[in-house]
Structures are given as C-alpha cells and as structure tokens.
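Here are my notes on the model, as numbered points. Please read them alongside the sequence and the coordinates.

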Amino acid sequence: MCGILAVTSVSPVDGVLLRGGTDAQSHRGPDSGGTFVSDQKDCFLGHRRLAILDLSASGHQPMTDSRNTVVVAFNGEIYNFVDLKRELEASHGPIRWRSGTDTEVLAEGFALEGDDFFDRLNGIYALAAYHKASRTLVVLRDPIGVKPLYCASTRGSILFSSEVRGLLAVDRTLGEPRPQSIVDLLTYMYVPEPHTMYRPIQKVEPGVVLTYREGMLLGSRTLRGNFHEPLLLPLDSSLAELTEQFDCLLSQAVRRQLMSDVPLALLFSGGIDSSAIAYSAVKYNDKVVGYTIDTEESDRRFQDQDRDLSYAELVAKHVNLPLHRISVNRDILRDLPRLVGWSEGEFSDPAALNTYFICAAARERGTKVLLSGQGADEYLCGYRRYVAENALGHFPPTLLRLLGGLEPFLPRTVTGPVNRYLRRARKFLSSCHPQPADRLMNYFCWSKDDTLREIFRDYSGLEAGRDVKEFVNRENGRDPLRLMLEADRHFDLRSLNLCYTDKMSMASGVEVRVPFLDLELVRFMKSLPISALLSGKSTKHVLRLAMKDKLPTKVIQRSKSGFYLPVRGWLNRQEDLVMSYLSPTSLTSSGVFNPAAVDKMLRMHEGGKEDHTSELFTILWWQVWYSNRDKDTVGAHRAAS
C-alpha cells in the first residue's frame, strides 16, 4: 500500500511543488519515494512506497513497462496479478520481467492492451497510468472503493491524490470548508462520498476509468468484465449448496490475500467475521498472529457492550492463533489532537481510534499487513436494522404508526446494562414509519434537523441526511432490504469503514486487506437470496452456517458487536480535554456551533437525562480537528477559513 499524486495539466507542471504533495503522504510509503515528469511537462506522477511484494529497488515507482512506453503510479494490491502475468505472456509472447511486483504487471498490461486490461483486475487499488505517445493520463479506483483517490481542479490542472493533504500541500486555496459536510458529520459520523470536508475536493467514483490529456477529460467508462457483471446462480440452488460455495470462495479469498513478502497479522475482535478469516488464515500461514483491543472494566460498564477480548481469546485458542492484546483507556482522549488529524475531517467514529492503535502496535512489532473482517455486514445483512426491517416490512401501517408514537414516552436514558436495550428499543420505535424510505432514513441518521438547527449557529441552506435522502429517492421502488444493502455499501462501508481503515492504518505505514471484499466473493454475495442472509433474528446466515463446525458455538451465536471504544463513559468523566474543546470560548472561536445549545446538551448528558454520546463526541472530534488542523503531525497545510 502506498501514496500517489498524479497531475495532468495544460500548463507546464512544477515538479518541485508537486513533490511536496507527494512527500506530504510519506507516512503511507515510508520505504521509498519517486517522481516522474513527462517530456512535455503536461503530466506529473509521484509515489511513496510501502514495500510489500519484492522488497528490492526493482519495485520502485513510478514504474515503466519494458519498452518504456507507459508510466504507472499505483497504490494497492492486485491479488490475481500472477494469473494476469501468465495471460499476458500467452497472448503477447515472452515479456522481460524485471521484478516480482503487481505494479509491473499493471504497466505491461496497460502498454500492451490499453485500459481494457484494467477490467480484469481483482484487488484494492488506486492508480494513475500515463501513455507517453498519446500523452494521456488514465486514473482509476477499485470498484468497491477500498482505496481512496481524491481529485481537485486548480489553475488549468487536474490533481489526484491518495489523501487530501497531498492536494492541500500543492494548493492551499483548495481548503475551502464545505458547511454541509459538518452537518453530515453530525448526521452520520462521516462525510458521504464523493464529498470531503473541503468544497473543491471530491473523491473519484469507484470503478470508473477516467482519461485525460493536458488537464481535459477525454472520456470515462465503467469497468466491465467478469468481476463486475452480476453472477446468476441456479434458481434451484439449495442453501447447503450456496453455503458450500460461499465457504470455498471465502477460503480462496483469504488465501489470495495472504500473499506478501513481509509479516502478516489479523485485525481480530472475536466476532464471526474476523474469526472466519482467522480460521482460513492459520490454515495457509502458520506464522500469522492476531491483534485485539481491550478496555478497562470501569469504562466498559458505561458502554454496556460485550468484551471483545473474551471472544477473541476463545477463538484464538480454538484455531491456534497467537494473540496480542492492546489495552486502551480514557487517557487516549489526551491524544485526540494528535490522532484526529489523520481523519482529515471526514469521520468521527471512535472505532477509527481502535484501528489506529492496533496498526501502530503491529507496525512496532514489524508487521506491515493486516487482514480485516470488514465488508461482511454490508453484503450479508449483518446489522440489526436488517432484522428490524424484515419485521417492520410485514407490519400494517396502522400498527407502525401506533408503535412509532410510543417512542417519545420511553426514558431518554437509564443507568446500567438496561441502557443498551433502551437505546435499541428507542431506535426501533423511531423507525416505525409506514413508508420504507422513511424507515431507511431513520436507520442511517444519528441526528435530525430539529437537533442540528439548535446546535449550529447558522443552519440556513443545510439539511440532515441529504445524501441518503437523494439516494432513497433515486432508488425508491426497490425491495427495501436490497435497497438497504446498496445504501450500506455506499454510505457506511465506503464512506466510513473503508475510509477510516485506510487513513488510520496508513498513518502507521500499515496495509489493511479485506478478504470479504475480494471481487469473486463479492460477486457471489450480491447474488445470494435474502433467505441465505437472514433467518429470523439471525444475520449473516450463510456465514454462520459455513462456520458451524469450524468455530465455537458461542462465537457463531454472538450478536453484532461494534468495533467500539467506551466514549459514553469517557464523556461522563468530564475530562479536561472535553471541557476545553467544548467550552464556550472554544466553540465561539470555531464559529460553527451554538455554545449555549452545546452546553445544555452536555449538562443533560452528564446528568443522565439524555444520551447525546454521538453528537457530543462528534462535536468534540470536529472541534479538535479544526483547532489543530495547522498542527497536523504529517504537515497538512492550513485550511482556508
């Protein structure tokens, strides 16, 4: 995994300035760096390398093909590159290979077959490829959106970067804030793609091949081919047959993604997703280890959530996986000014901090690659809201209105373990709308307009849940559960989970792979009937069946437990940092939030009258990020204000 910067321009590029945009991403590729400037100075490619395959200088980027006709800068992994290598030689004859990297296969494939070659890629990637003769630059992001690619236009140039900071290092004026993004952060705890915290900067759409010459877009197309076409399963396939196919594809995906010339490990929670990956991983690599997070009991009692460590230890012993335990406590709040800069303002989910601590600990022990269980929930109906929707979809409208009317009468919060069930009950009742589109809106949004209108000093022209609403209106009429799956993949998976995983892992120079998002497996999962995904209150049904005789029953039956930190308890402790950044002086200085409204919310939360964990932590996160954006530890430049 690496960092790239690519520029196509009508005017001569400034290689020295653009190298600064590359170096701003040095944490993504601490092993080496390189740049390329075309002879006509219409194109620049910059690269920072995290060496995973072929650790020698032969893997240096930007990389040319053997005939020096194209140049490639690449961030990611191509899992089928060995097969593609053989296919290229079968079609075009012997090739003078100079390395054992997947990057070289990309360069040779593009030189020989043009961008059609990219239709056959199975991997996680963002790449830029320059064709010298035609002077065209092709950019592309993997179809799932695992790897990021940001884009901005400035002074006749189009810039692409693996991180926002790479663009800001080139042109500070790109740092114009986008107020709707702050609303989005409060609404979802992330900024939905393609948006960022900055108005001029957006993310490139996954799976779209873009072709430029001298800063002008020549054309775009969507990836096509076997990996991207729907897989039609036989209508008479039994659940047992589907389970067997799923199990085989998951095992193959894990095996593919274990390819590495450096040590590997697992992001391991003891949940069924990471446990399923662990089961296959130890079969193919007896040196793989696991990393898990543990928190203090005094903090966990405020969160009322299962302790991951007990499940992780149970599975680790069962599959013979060495396990490293990473302990965190409320002291990490003091580290927020250092940590939130990595988010670039795009998310506020505390799970991101877990990812950072695990990756940092793994890197300290010499590990550069981790495998994660992300993606299973969004393709296998893994969240509780799928069970809720499966039930609510069969309720008559009159009953739904009656149940929805009960929500205001429930207590806002109570102490002890009951609080967890109270929160779920309130969320369920608040979702009891007769229209599926209204239910979906409620599932995804943590805050609503009425609350945000009080919090924000100026709420004019802003709207909670705007992107989800537009998505629902565009896709309305589809089966509600299928619509939820698509929404989850676009919003919670791509805009949140994959986003924070990339940023927080690369902050430590660690690559995270996601076997559940292997394109062969994704193709299969998208084709499964709902009956294979949900069974009563059981989510991810086909995965649980596949793991029935492989993992402990306690783990298979474990309900969904988020990758969390006990921020509810930490906020209740009135930490100095919390009080500092949420003080009227600090809030007034940032100019976004209403100090009186935030103070009232904080007092209600501390007094146990209402639970505002999501809103308060997000406001805290944004305040810390905004106040320290000039002090970003990797040198991001000042955002214009």
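1. An open sheet of 5 strands runs in the order β15-β14-β13-β16-β17, with parallel pairing (strands pair if DSSP finds at least two bridges between them). β15 (323-328) and β17 (511-513) are the edge strands, each pairing on one side only. From one strand to the next the twist averages 30 degrees. Helices (H or I, at least four residues) and strands (E, at least two) are DSSP runs, numbered from the N terminus.

2. This is a predicted model: local features need pLDDT of at least 70 and side-chain atom pairs count only at pLDDT 80 or more, while totals for chains, interfaces and linings use all residues. Residues are numbered from 1 along each chain as its sequence is written, and side-chain values use heavy atoms, with hydrogens and water left out.

3. Strand β14 (residues 289-295) is joined to β15 by 6 bridges, and the two run parallel. Thr292 stands opposite Arg325 in β15.

4. The largest nonpolar core has 188 residues (buried Ala, Val, Leu, Ile, Met, Phe, Trp, Tyr and Cys joined through side-chain atoms within 4.5 Å; buried means under 20% relative accessible area, exposed over 50%, partly exposed in between, with a 1.4 Å probe and protein chains only). Helix α19 (residues 480-506) gives the most to this core, with 13 residues. A second, separate core of 20 residues includes Tyr130 and Val204.

5. Leu370 is among the residues with the most contacts inside the largest core. Beyond its neighbours within four places in sequence, its contacts (heavy atoms within 4.5 Å) include Leu266, Tyr291 and Val512.

6. Ser431, in the loop between α15 (418-430) and α16 (436-444), is buried, with a relative accessible area of 0%.

Note on methods:
Axes fitted to C-alpha atoms, helices over the stretch in contact; angles between N-to-C directions.
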